Amino acid sequence: MLQRLIHNRKVHVLVATPSGVSGQGGIDRIMGALKQEFERQEIADIDVRFLASRGSGHVRFSIFYMVDFCLRMLAARLAKRADVIHINISVSGSTYRKMVIAACARLLSIPYVLHLHGAQYETFWKDDRSFMSRRIEALFERAGRVIVLGGLWRDFVASRAPGAAGKIVIVPNATAVPSLARVGGGDHVHILFLGRIGDRKGVPQLLDALHRMEPSKSWRATIAGDGDVEAARMRTAELGLAERITLPGWVGPDEVASLIASADILVLPSFAENLPVSVIEGMAAGLAVVTTPVGAVEDIITNEQSGLLVPPGDVAALTEALTRLVENPALRARLGAAAMAVHRERLELAPFVGAICDIWRSVALKAQSVKR
């Protein structure tokens, strides 16, 4: 319908994503998946380019990427190839950089879409009516659309920026159906963690829980990701678990796919999330998921039905949940099948791409009608 309304004219979109679609972060991974699925579907009426807005190097160089994005936006505007700017936004420096990009878009009369990914945005964007709080409010209220990942974030943005309430759209993260068949861990149940290793993701509590499970000999674990890898290795050795827990550091997409295929349980005991990609990847493969009810997690995981939810920081509850799954293959199978069903119904890439494209079309159409 929207295609016909814009008279078969291509919608040109520039996407601002931190390190480009090959970056390691959750935002870049989602945008990389979006790009691949977009190319697979061959959507004729949309031309989209993904550009780095921060880069993957030292933070001091991020200003050069931000300026480069703005210059490319100007060039695209002059060439009449900039109808919508899609701005992925997280906390702190990401917000400050995106304020500049959004301001440039407004100067060039290009509408922008904000896509909120930040895990701790409710603590970053304080309800104190400070100068920065009001600037963030304006950033959201001037957006053509605001994409959030779940109901909690919809309510949060609406409470902080009432003028944006009617423009908020929930589009949960999505992942592809795994290309590798899952074989599991065999004789030893394979517990898998994927994410940045550190306090926010609950890795210290996970190690303590695994230590409490040590008397059971029927499990092994992989804790994969960047961050405080060496500290986690030292703690693993102190706990006497070096032979049972592997910490490979950051792993690329192919290695992630292999790890998921060899896993039985996906665990993510975070203290703060928006909507974690690793949980959705685990659901896509039919893994039994153990995680915490933070961010929009409860939009996709129902406790005891499609996964197990434990309070953040509760080592005893985490130990109990993991032990139940290790010792009960029928429970693992039931939760994994339910999680996979939720993924196929709500979290696959094809409908995700369709929802994003419809948002771009509607924002472009509104801008076009205003110009007339």
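Predicted model: local features only at pLDDT ≥ 70, side-chain atom pairs only at ≥ 80, totals over all residues.
1. Start with Lys-80, which sits in the loop that runs between helix H3 (62-78) and strand S3 (84-89). Its phi is positive, at about 60°, even though Lys-80 is not a glycine. That deserves a remark, since most residues other than glycine have a negative phi.

2. Is Lys-80 buried or exposed? Its relative accessibility is 67%, so Lys-80 counts as exposed, the cut-off being over 50%.

3. Ser-92 is another non-glycine residue with a positive phi, here about 55°. You'll find Ser-92 in the loop between S3 and helix H4 (93-107). Strand S3 itself covers 84-89.

4. On accessibility, Ser-92 comes out as partly exposed because its relative accessible area is 35%, which falls between the limits of 20% for buried and 50% for exposed.

5. Now for Thr-175, in the loop between strand S6 (168-170) and strand S7 (189-194). Thr-175 has a relative accessible area of 8%, so it is classed as buried; the limit for that is under 20%.

6. What does the side chain of Thr-175 pair with in a polar contact? The partner is the side chain of His-343, at 3.0 Å.

7. His-343 also turns up in the contact list of Thr-175, once neighbours within four places in sequence are set aside.

Key: Residues numbered from 1 in each chain as written. Heavy atoms only, no water. Helix = DSSP H or I, 4+ residues; strand = E, 2+ residues; numbered from the N terminus. Buried < 20%, exposed > 50% of the residue type's maximum accessible area, 1.4 Å probe, protein only. Polar contact = N/O pair within 3.5 Å; in protein donor to acceptor, adjacent residues only side chain to side chain. Contact = heavy atoms within 4.5 Å.
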